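Dear colleague,

Please find the structure below, together with its sequence. My notes on what was found in it follow.

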Amino acid sequence: MSFRLPGSPSTPNGKNSRSIFTQPSTTPAGHPPQSMTDASYVSTTPAGPPPRSFYGSSFNAANNTFGRKGNTPARRGFAVPDSSPPLKEGDGDDAEGDDDDEMDGLQRSTRSAGLSPEKSAFMSSIMSGPRGLKRSRNGKVREQTDSDYPLIAKGIVGHAAPPRMHESHDVVLRQEEIMARMDPVAREQPNARDAALSDGVAELTRVWRQHSKTETKEGRLGPASDDALTKATYLSSLLLQLHHPHTTNGAQQQQSRFQRPTNNAKRSQASASTIPRALLDWLDTWHNPFPDDFDTIWRNEPSPASHERFWDSVLFALTRSKFDRAIKLLNDAGWEHAITAEEDFGQGHDGYTGRQLDHIEDVVERCTNMLNACPGKKYDDWDVKGADWTVYRQRVRQAIKDLEAFAGEEDEETEEEDAPKRNMFHMSAGLSESMNMSTATKKAESKVPWSIYENLKLLYGILLGGVDELLDASQDWLEASIYLTAWWDGEEETSAALSKSQSLRRSIHASQRMREADIAPGPAYRRRLADAFEMVTAAGGDAVFTPETMDTVQVGLACVMTDNVESVISLLRTWSLPVTAAVVEVAALAGWLPQTRPRSKGPLEQGFSSEDLMVLSHGVGQPQPADNAGAVERDEVLSAYADLLAETDVLRSSDGKLEREGWELAVAVLGRLDDETVGEAKIGGLLGLIELSDENRVDKVLDACRELELEEQARGIAERYADHLASSESTQAYGPVLIYYARAHATAKLKSTLALLVSMCLLHSASTPSHQDLDTQLSSLLSRDRNVLVTLSSSDPEAATLLASHLSGYATIRRFYNLRDQDTNPPANGSKSSVTLRPLERKREAANSLVALISSAADCVRGGLYDPEVESVVPVDGVIALLGEALPLLGQAKRNFTREQVFTLMRVVEDFSTAPSRIRENAESLLQASVSAYRDGGGKGSLRKSRSGADLGKSDEGLGGSSYDMLASSVMGQAREEAGKGKVVELKRGWDWRRGLDGIGGVEVGGREVVMLLRVALAQEVARGWSGLINW
């Protein structure tokens, strides 16, 4: 097929004695040397004449049988620049006939090369086609250099504005949910890493695509929308498909006939795919520069074949793997009205009839049967390099031979064997006897119309992955690069080819040898894509096959094609930081992220801090090599993303079901940094800026820290919030204070708070706060079920144990007072003393609780020696007040204390009497404060409702003497103030031991008097027991 001007008449039988060599030479050096056109000259190359396959099947206008017709897909909407000087008027008819004769020899010698397994199609197209390697003026191939597109991308990024958060909240929330689920699996389960990454990437791209606009620019490359997220999704989805091929439609991939599903395949079969299938899916989603005209052509009247773009649609459907469409068009073509009849027979022929129609239907039926047998359609098997496809390609080659034989064309193998060796110029000059039959003669003698014959061979060539055929069916450089990769058979171009005489069995055996595409398909396909892109765009003569360097999307595509990951990430960062962060994290987990240092620590680095590594020249201070200048800093990208998230107050999903604060997501992102020290420092700084306004927010912070195993940060937050509650005058909630001190593991502050509560109980000789004033959490801590404590144990067992052990003293003293006052103040339901007891049993239970409290308080002064290492749940300052509470239970007609308990009390009295003076002074101060509080209330037992003095005292054992005085004076002052306002709650006690002391008129009662009274009462109790007056 020759070049023809638009509108030039078709004269298949026209002859012209002038060959292309009789025309004036247009080369700078004149005619080619005779040695290149004369067969008598022997080749001067060291190895003799070049092999035929070296020049065979190049993508050249001369042997392109379908590329220059007006109905090819490549011509839909794209203007093709003239590649040769225009012919003079009147030369078209004769010149075309000569061109047909001369180029026919080239076609016969190279036609089958693109369809046979032994040709090096890819490299031959690079070496001989107009889109091959760049050449110098003397015709020598230029040495390939690094691509300029990374430098262009760097210039674009350098002028870009800092990214802002413009993505919808749904995208950010859903993305973080996916990453939080994928990251731990990929890190901790190596066997499940690939499946987790494939599933996670499929979910990510699906979410991004749902919030992007996939429409393509009309007649151009790239998305039609200027939306930043759309651009980022456009590039990132292709990059991720190349490294983690997946399907985004959720359809399960069918297994090949010879494949058995594995456990990993079952887990990830909903998203896993092959690279060819993934590339074609991406192309079908993101690159549709022209409207889909399938329905228009299929419904065309009088038949689909009468439409001028019929073959366009067939080939387009095939290259996009839409077999059903191609088969439907071929089956319903209606060849009796085919428009190609005019091309075959001239004006006036509106279709095929008679035997020709029968022949067309026969060969087309064979073609559709071959399409139906394709593994991609029959089994949805897109392992194009696999065994099924190898067998299928052998069948396609046989179908081409059958088509040639049916059409009456001479067998190409026999023709090649008989043809003498000659160079390309010799053949082009028409000096070969193989060119004795013109194209027009072959058209006339063919049983199948020539246009049908050529288009069917083109279709078969696409199935074989022929370079010329795929380039001819491509609309632009993007499609050409992807088609050449997706339809690749996996054969390395430098490998030795099989001869055509080999049997099918030997061919299959050869195809099953170890190839890079079989061992490492990912790198092999990415290298194939880079080579295809370089080949397609190298010449730069065709505008549609040259990326626009002023278009950032096309520059990004070029970087993706050449697998320049760092340049792609830098471009993504100018559009969408969330998308960039996700791509960087996936790349880092999978190991294909360019980095200055590996993520995993080597043996030398393990066990050293960043400062140690800096000293050893293995850390930050080590100068990095120059080739790592473009490496991606994963932690820097994630830190920048976390900063943007922290600036967002609240993120809410569109359906209102999910709501998270910006700092939550920021902490989650920072928790995935490789440098744990830096991550913890950044998280600590971020959490320090959060206003701890309520428990819900604090719980969110603590939960986030717990999920990231940031124990120190969590404890700091809990302690800070507990301090805020303890110092606040607007709340009376002691329960949250105790819980958050426990979560902070602040033992000293927890004990101090509980000592304050115990002291207030002793101060008022009553449960403080009262049942009416208890907050919800403290009430739950003191109940039988203790639900709050159970909940705390599920999140922090150590904190729950700490709180339970230290809370027992305060709970016991409240139990004592509740038992004492059971008749006058019935206990609340659910409390430990809610069971009503008889008076004697109640007093004995109260005595048991009181002795336990006294023993705990006096443990640190056994023998009169103070031991600060002894842990007690009741402060030693309360010993004398607790001993005073025992006075009303002594000397009763029926015993309340057992013999062991009486002796315990006697021991405690003596231990306290000989304890250090500081201990006795503090205890007496509390006693005096309690008596003063009783006397100030006029014996009415009034108790103010608000708490005070929560921030007094820092002693682990109690408040101290002066603090008790301040507490008593504060209580009395506020009690008088509230009494004036009518805010006084009358407490009804079962008994009050202070009443007896107050009855001693004019005597200043202190610790000495209490000890004296106790000694007398205990001596009498022992005497009664030994005398038998009471039953011990």
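I begin with R515, which counts as buried at 4% relative accessibility (buried means under 20% relative accessible area, exposed over 50%, and partly exposed in between, with a 1.4 Å probe and protein chains only). Before going further, please note that this is a predicted model, in which local features need pLDDT of at least 70 and side-chain atom pairs count only at pLDDT 80 or more, while totals for chains, interfaces and linings use all residues. Residues are numbered from 1 along each chain as its sequence is written, and side-chain values use heavy atoms, with hydrogens and water left out.

Salt bridges

The side chain of R515 meets that of D518 in a salt bridge, at 2.9 Å from N to O (a salt bridge is a side-chain nitrogen of Lys or Arg within 4 Å of a carboxyl oxygen of Asp or Glu). D518 also forms a salt bridge with K385, with 3.9 Å between the closest N and O atoms. Because D518 lies in helix 24 (residues 516-519) and K385 in the loop between helix 15 and helix 16 (387-407), this pair ties together parts that are 133 residues apart in sequence. Helices here are DSSP runs of H or I with at least four residues, numbered from the N terminus. D518 is partly exposed, with a relative accessible area of 32%, whereas K385 is buried, at 10%.

A search of the whole structure finds 50 salt bridges. One network of them links E176, D183, R187, E585, R634, D635, R672 and D674.

Nonpolar core

The largest nonpolar core has 237 residues, and L330 and W335 are among those with the most contacts inside it. Such a core is a set of buried Ala, Val, Leu, Ile, Met, Phe, Trp, Tyr and Cys residues joined through side-chain atoms within 4.5 Å. Helix 39 (residues 797-820) gives the most to this core, with 11 residues.

Leaving aside residues up to four places away in sequence, L330 touches F310, W311, V314, W335, V364, C367, T368, L371 and L459, where contact means heavy atoms within 4.5 Å.

Yours sincerely

How values were computed: Helices (H or I, at least four residues) and strands (E, at least two) are DSSP runs, numbered from the N terminus.
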